[in-house]
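Student: I am new to this structure and would like to learn how to read it. Could you take me through it feature by feature?

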Amino acid sequence: MSLLHARGLSVGHQQSVLRGIELTVGPREFVGLLGANGAGKSTLLMTLSGHLKPLEGEAKLDGHEVSRLPARKVARTLAYLPQHPPNDGDFAVRDLVEMGRHPYQRGLGLQRNPEDVAAVTHAMEVTSVAHLAGHRMDRLSGGQRQRVRLAQAIAQQPRVLLLDEPTSWLDLRYQLELMGLLRRLAIEEGVAVVAVLHDLNQAAQFCTRVLLLAEGGVLGDGTPRDVLTPESLEKAYGVRALVQDHPRLGVPVVMPLDSLAGS
Amino acid sequence: MGALVLLLAAVAFMAVRWGAVDLSTAKFIDLIMGRAADSTEAAILWEIRLPRVLLALVAGIGLAAAGVTWQGVLRNPLADPYLIGVSAGGALGAGLALFWKGELPLGAQAVPIAAFVGSLLALGLVWGISGRGASFSVERMLLAGVAVGSFLSAILSMLLFWNQESLTTLYFWMLGSFSGRTWEDLRLAAPYLGVGMGLLFWQLRHLNVLQLGADRARGLGVDTLSVQRWLIVGASLVTASVVAVCGMIGFVGLVVPHLTRLLVGPDLRKVLPASCLLGAILLVGADLAARTLWAPAEMPVGVLTALLGAPFFLYLIARERRS
């Protein structure tokens, strides 16, 4: 069963940055979307989430062309966390997380049913923001805000979770916690997770699959061990690197040597 | 919220009792109970005070609600109900009715009806320019609205240049007043105001999420284009009906939403109803002050709201800077 399905997909704002993408992502997968700046990672994610129309080909969510689905239906299946969301104003943390229930609510949305409350509480617990419930968003640190936004996405109870550089505002501890959380969401709760990542070693450690984008297409698609090779890293990033096994975790570790442009 | 309801009741009670003729509490109770029904005081209460106070009340509700909506849709704290040229259309309509007074078969209601029609035509024009279907954009609508507003104001100025005897009348109309308003005015405005308010409350849940920006709102399941359009139509209907019967009363739609946010926080599901109450309180109170403080002269209420509203707005800005 596939939740995300792309066929002959070209994406871009006016000119295509990626062409002929074939991609299928199912439940229990945690896909790391990798590639150099400008490779089209964010654009691909926006297209898969329905925020951007495909230039060619199709991008399907659970069997339906995502750009033609009603917003409410998409929001019940898919949550998308953009890279630079506009500010959250002075909303309280709990109110913001509760907005994740918006696609399920009717009327004024003032009455809280037990399902909504449970989903919100759970989302705030797994993202470690429960203790911030009454705080205002504009008084939080960047990392705290990022976790609240993730809590909102989780409160949507999506079957597909798309995240654009979710770790970029977080310190090392929360980076690891978040990557672990995403992996658990995928493996234990069966969510299909796709995240744009820059840290290759975190991708290697946590993702079940990585997708390496370069030269307007998919350069590698498979397990971190298969994709993260010195040859493909050189092609994708213009960087020479050693790849060895992690002494304890048994995952590949990328050790960059130098930039080809600089040598 | 309960406190606001009580406050509104108190202000409205004072407003129907006090005026050129004060009604004592005993007299007031007599009149409410239906005694002395053919006295002068009864006529003052039922035919002059009550419609006037009710009109100030619904105008306050309407302007505050339209202000909340515009500020939410545009995500801009400086937006107010007169932004997109609807009021300029109303002023032009009122101006035309004043020039051709007597020639229109509308009698005493000529000015409000013409103002309302003018407002709706202006809205239609802005609507037509700002794009259909998926090509609709709030930004384009805003720009079109400002341009249409300036254009209609220019036409009005041109007409005034040729009909300078109407200048004073129209000037006072534009300042905004509830002077001499009757049940007829209330009857004219109420249906459209009601429909507009209904639209706003219907879409309120979505407006609240829209504050996060259109992209994120869509991600949370809001059909943003349709929601923005319904909200704009609702706010414009409300504004048009208020402007038609009492002119352009300034600053209520701008200040009240800010004031309410300070009281109840950023959740628009609370801000909108609370703003309605606060708007009603302020406008009923301002009208009471406008007709009693300088008695027997009567200040146009729009002068008073601007006189109080503008400094208060400055205070809010200064406060914002400090925090």
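Student: Among contacts in chain A between residues at least 6 apart in sequence, what percentage join residues at least 24 apart?

Tutor: Two residues are in contact if their C-beta atoms, placed from the backbone, lie within 7 Å. In chain A, 63% of the contacts between residues at least 6 apart join residues at least 24 apart. Do keep in mind that this is a predicted model, where local features need pLDDT of at least 70, side-chain atom pairs count only at pLDDT 80 or more, and totals for chains, interfaces and linings use all residues. Residues are numbered from 1 along each chain as its sequence is written, while chains are lettered from A and ligands numbered from 1 in the order in which they are written.

Student: How many helices and strands does chain A have?

Tutor: Helices (H or I, at least four residues) and strands (E, at least two) are DSSP runs, numbered from the N terminus. Chain A has nine helices and twelve strands.

Student: What share of chain A is buried?

Tutor: A residue is buried if 20 or more other C-beta atoms, placed from the backbone, lie within 10 Å of its own. Of the 263 residues in chain A, 44% are buried. The C-alpha atoms of this chain fill a box of roughly 60 × 40 × 30 Å along the principal axes.

Student: Where does chain A touch chain B, and how many residues take part?

Tutor: The contact takes 23 residues from chain A and 17 residues from chain B. On the side of chain A, helix α2 (residues 71-77) gives the most, with four residues. That side has twelve nonpolar, six polar and five charged residues. Here Ala, Val, Leu, Ile, Met, Phe, Trp, Tyr, Cys and Pro count as nonpolar, Asp, Glu, Lys and Arg as charged, and the others, Gly among them, as polar.

Student: How are α4(B) and α5(B) arranged?

Tutor: Two packed helices are described by the angle between their axes and the distance between the axes. Axes are lines fitted to C-alpha atoms, for helices over the stretch in contact, and angles run from 0 to 180 degrees between N-to-C directions. In chain B, helix α4 (residues 86-99) and helix α5 (residues 110-129) pack at about 140 degrees, with axes 6 Å apart. They are therefore oblique to each other; angles under 35 degrees count as roughly parallel, over 145 as roughly antiparallel, 65 to 115 as roughly perpendicular and the rest as oblique.

Student: Which residue classes make up that contact of α4(B) with α5(B)?

Tutor: The residues divide into 15 nonpolar, six polar and no charged.

Definitions and conventions. Buried ≥ 20, exposed ≤ 12 C-beta atoms within 10 Å, placed from the backbone.
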